[in-house]
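Hello,

Here is the structure for your files. My notes on what turned up follow below it.

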Amino acid sequence: MDTVYNGQSGPFMQTFKFLSYSFMFIIYHEEKTTKVIVEGVDLLESILGKDLLQKEVEVIKTDRGPEFSDAEGLEKDNDGSVRTHVFYCDPMASCQKGSLENNHKEIRYITNLKVIGLNSQKKANLMVSHINSQPKENLKGKSPLEMMEFLNPNLYKKFMEFGIKKIENDEIILKPYLLKEDN
């Protein structure tokens with residue numbers, strides 16, 4: 001888990017990487033606080049359901065940014081039961097969550113977040129739909145969405161219901177104009 005943002009003002013993206021599928025999920029936020037980050041994990045739990053979250057998100061690995069400092073809030077759900085375990089990278093070693101950092105490069109192909117029009121969860125879903133529809137060499141030419149659909153159709157269905165879509169190869173856009181209003 002990480003955050004992507006421009007400068008100190010929003011918008012902010014809370015990013016998650018599901019390693020088994022090479023799938024990235026983004027939650028849109030206007031601010032970057034510990035409360036908002038915990039609410040992001042709460043949202044992920046509401047999308048997936050408790051059982052699927054515990055199966056697919058056994059561990060959250062993140063850096064030591066102040067927004068991630070509420071480990072208990074991240075690990076426990078509203079009734080106080082453990083939903084995941086949080087582990088932190090060593091100081092100054094964000095490379096320890098390298099595959100997520102590599103996905104952030106794809107976000108940066110598209111972004112200067114506010115300038116290009118990232119202003120809603122709907123647009124974050126559009127962006128992540130394009131990123132996750134792109135075939136990957138490490139997946140033998142399959143996209144993260146194809147891998148998830150094949151390996152875990154239930155998880156795939158949950159993200160589709162939340163607004164993630166499979167984009168045809170010839171329609172994938174990883175450029176700033178993706179989020180322009182007339183697109």
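First, a definition: buried means under 20% relative accessible area, exposed over 50%, and partly exposed in between, with a 1.4 Å probe and protein chains only. This is a predicted model, where local features need pLDDT of at least 70, side-chain atom pairs count only at pLDDT 80 or more, and totals for chains, interfaces and linings use all residues. Residues are numbered from 1 along each chain as its sequence is written, and side-chain values use heavy atoms, with hydrogens and water left out.

Salt bridges

A salt bridge here is a side-chain nitrogen of Lys or Arg within 4 Å of a carboxyl oxygen of Asp or Glu. The whole structure has 8 of them.

Glutamate 45 pairs with arginine 83, with the closest N and O atoms 2.8 Å apart. Glutamate 45 sits in helix 1 and arginine 83 in the loop between helix 3 (71–75) and strand 5 (85–88), so the pair ties together parts 38 residues apart in sequence. Both glutamate 45 and arginine 83 are buried. A network of salt bridges links Asp42, Glu45 and Arg83. Helices (H or I, at least four residues) and strands (E, at least two) are DSSP runs, numbered from the N terminus.

Glutamate 149 bridges to lysine 166, with the closest N and O atoms 2.5 Å apart. This pair also links distant parts of the chain: glutamate 149 is in helix 6, lysine 166 in the segment after helix 7, 17 residues apart. Glutamate 149 is partly exposed at 34% relative accessible area. Lysine 166 is partly exposed too, at 36%.

Glutamate 39 and lysine 35 form a salt bridge, the closest N and O atoms being 2.7 Å apart. They are 4 residues apart in helix 1, so about one helical turn separates them. Glutamate 39 is partly exposed, at 35% relative accessibility. Lysine 35 is exposed, at 58%.

The sheet

Strands pair if DSSP finds at least two bridges between them. An open sheet of 3 strands runs in the order 1-2-3, with antiparallel pairing. Strand 1 (2–5) and strand 3 (23–29) are at the edges with a single partner strand each, so one side of each has no neighbour in the sheet. The twist averages 30° from one strand to the next; axes are lines fitted to C-alpha atoms, for helices over the stretch in contact, and angles run from 0 to 180 degrees between N-to-C directions.

Strand 1 and strand 2 (residues 12–18) pair over 4 bridges. Among them, aspartate 2 partners threonine 15, and threonine 3 partners glutamine 14. Strand 2 and strand 3 pair over 7 bridges. There, phenylalanine 18 partners phenylalanine 23. These two strands form a hairpin with 4 residues between them, and serine 22 in the turn has a positive phi of about 60°.

The core

A nonpolar core is a set of buried Ala, Val, Leu, Ile, Met, Phe, Trp, Tyr and Cys residues joined through side-chain atoms within 4.5 Å. The largest has 40 residues, and Phe18, Phe23, Phe25, Leu44, Leu48 and Phe159 touch the most other members.

Regards
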